[in-house]
Amino acid sequence: MRGSPARRSVLGCESLEGRDCPAGSITVFRGILTVNGDDGANVVTVSDDGAGGITATVDGTSKTATDIRVVRIATGAGDDSITYTLTGDVSKRQTVEVRAGTGADTVTLAADGKTANARFDFVATGGAGNDKLTSTFGSVGSKGRVEIGLTGGADNDTIGATVGAVAGQYRLAAFGLDGTDALSAAVGGVAARGVADIGLAGGGGDDTVTATASGEYDGRLLLGLFGDGVNPFAREGGKDTVTAAVTVAAGSTGRVAAGVAGGAGDDTVGLSLTGDGLDGLKSKAAVIDGGRGTDTATPETTANVKKVRVEK
Ligand SMILES: [Ca+2]
Ligand SMILES: [Ca+2]
Ligand SMILES: [Ca+2]
């Protein structure tokens with residue numbers, strides 16, 4: 001009966017290439033909302049009011065629940081699309097875990113213009129296939145803590161995360177793993193007692209890894225960019241392009257540490273540390289490390305950046 005005209009009409013949608021329509025499911029149990037896809041191309045949308053109120057939809061099936069503290073999404077094989085939207089500021093702790101599985105998947109956290117005033121964790125893995133993982137967050141309030149983990153997995157992934165002003169804590173860890181990956185991050189200013197800690201690692205393959213930071217830094221800004229993985233013994237190599245630009249606004253009184261590392265292979269590395277506020281910082285450290293291979297510094301690299309193992 002699989003793919004027969006009768007079955008197609010019951011499901012109410014067209015079968016593609018003889019496959020059944022994707023049909024996910026949503027369950028809620030003790031504050032945990034779980035969305036499961038199948039081997040088809042699932043479309044998942046989640047809207048989160050920031051206070052535990054969630055409406056989830058998968059392939060046309062919807063469920064609304066309150067007092068949710070964990071959202072788990074697993075979409076299996078197929079080219080899946082998962083969009084998680086914050087419709088309000090975060091006022092209650094929320095944990096979101098996304099496993100997109102094999103296939104070319106798109107995972108989007110849309111929190112533009114929203115402020116985290118409590119903890120918000122978002123961890124997504126793309127799995128095999130050319131995946132696109134994107135996180136956009138408005139700002140982090142003094143009582144907020146945002147942890148973003150984005151892992152591309154095998155194949156060629158595009159991973160990007162941005163955040164505006166940080167008064168609490170913002171931590172981003174993004175890993176491209178194997179394949180030719182493009183990783184990017186952007187962060188605004190950091191208030192006193194705030195921390196923005198951003199780590200990007202391309203893994204194996206010829207990766208492009210880039211970050212920009214711009215604003216007043218009265219707290220701590222930590223940037224660590226790696227062309228390879230974070231394990232120095234993995235010898236992943238690849239001809240990577242790894243660059244960062246930090247612009248420190250006038251009046252800054254905090255600490256800035258930025259490191260750019262190419263790892264093995266012939267890499268292009270660059271780091272610029274500029275702005276009217278540089279002299280007011282309590283401390284600043286900036287280094288580019290080409291690692292093994294013949295490495296080239298970008299022309300944008302400023303004179304206040306220490307160069308290690310950079311041949312050109
Ligand atoms: Ca799927
Ligand atoms: Ca995938
Ligand atoms: Ca890679």
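Biologist: Which side chain does Glu-97 meet in a salt bridge?

Modeller: Keep in mind that this is a predicted model. A salt bridge calls for a Lys or Arg side-chain nitrogen within 4 Å of an Asp or Glu carboxyl oxygen. Here Glu-97 pairs with Arg-72, at 3.0 Å from N to O. Glu-97 sits in strand E8 (residues 94-99) and Arg-72 in strand E6, so the bridge ties together parts that are 25 residues apart in sequence.

Biologist: And how do I read exposure for that pair?

Modeller: Anything under 20% relative accessible area is buried, over 50% is exposed, and in between is partly exposed. Glu-97, at 33%, is therefore partly exposed, and Arg-72, at 36%, is partly exposed too.

Biologist: How many salt bridges does a search of the whole structure find?

Modeller: Seven. One of them joins Asp-121 and Arg-119 at 2.9 Å, N to O. Asp-121 is buried at 11%, while Arg-119 is partly exposed at 23%. Another has Arg-145 and Glu-147 with their closest N and O atoms 2.7 Å apart; Arg-145 is partly exposed at 29%.

Biologist: Which residues are linked with Arg-119 in a network of salt bridges?

Modeller: Asp-121, Arg-145 and Glu-147 are linked with Arg-119 in that network.

Biologist: What about backbone angles? Where is Arg-30 found, and what is its phi?

Modeller: Arg-30 is in the loop between strands E1 (25-29) and E2 (32-36). Its phi is near 50°, a positive value in a residue that isn't glycine. The residue is exposed, at 67%. Asp-67 also has a positive phi, near 55°, and lies in the loop between strands E5 (61-65) and E6 (70-74).

Methods
Residues are numbered from 1 along each chain as its sequence is written. Chains are lettered from A and ligands numbered from 1 in the order in which they are written. This is a predicted model: local features need pLDDT of at least 70, side-chain atom pairs count only at pLDDT 80 or more; totals for chains, interfaces and linings use all residues. Side-chain values use heavy atoms; hydrogens and water are left out. Helices (H or I, at least four residues) and strands (E, at least two) are DSSP runs, numbered from the N terminus. Buried means under 20% relative accessible area, exposed over 50%, partly exposed in between (1.4 Å probe, protein chains only).
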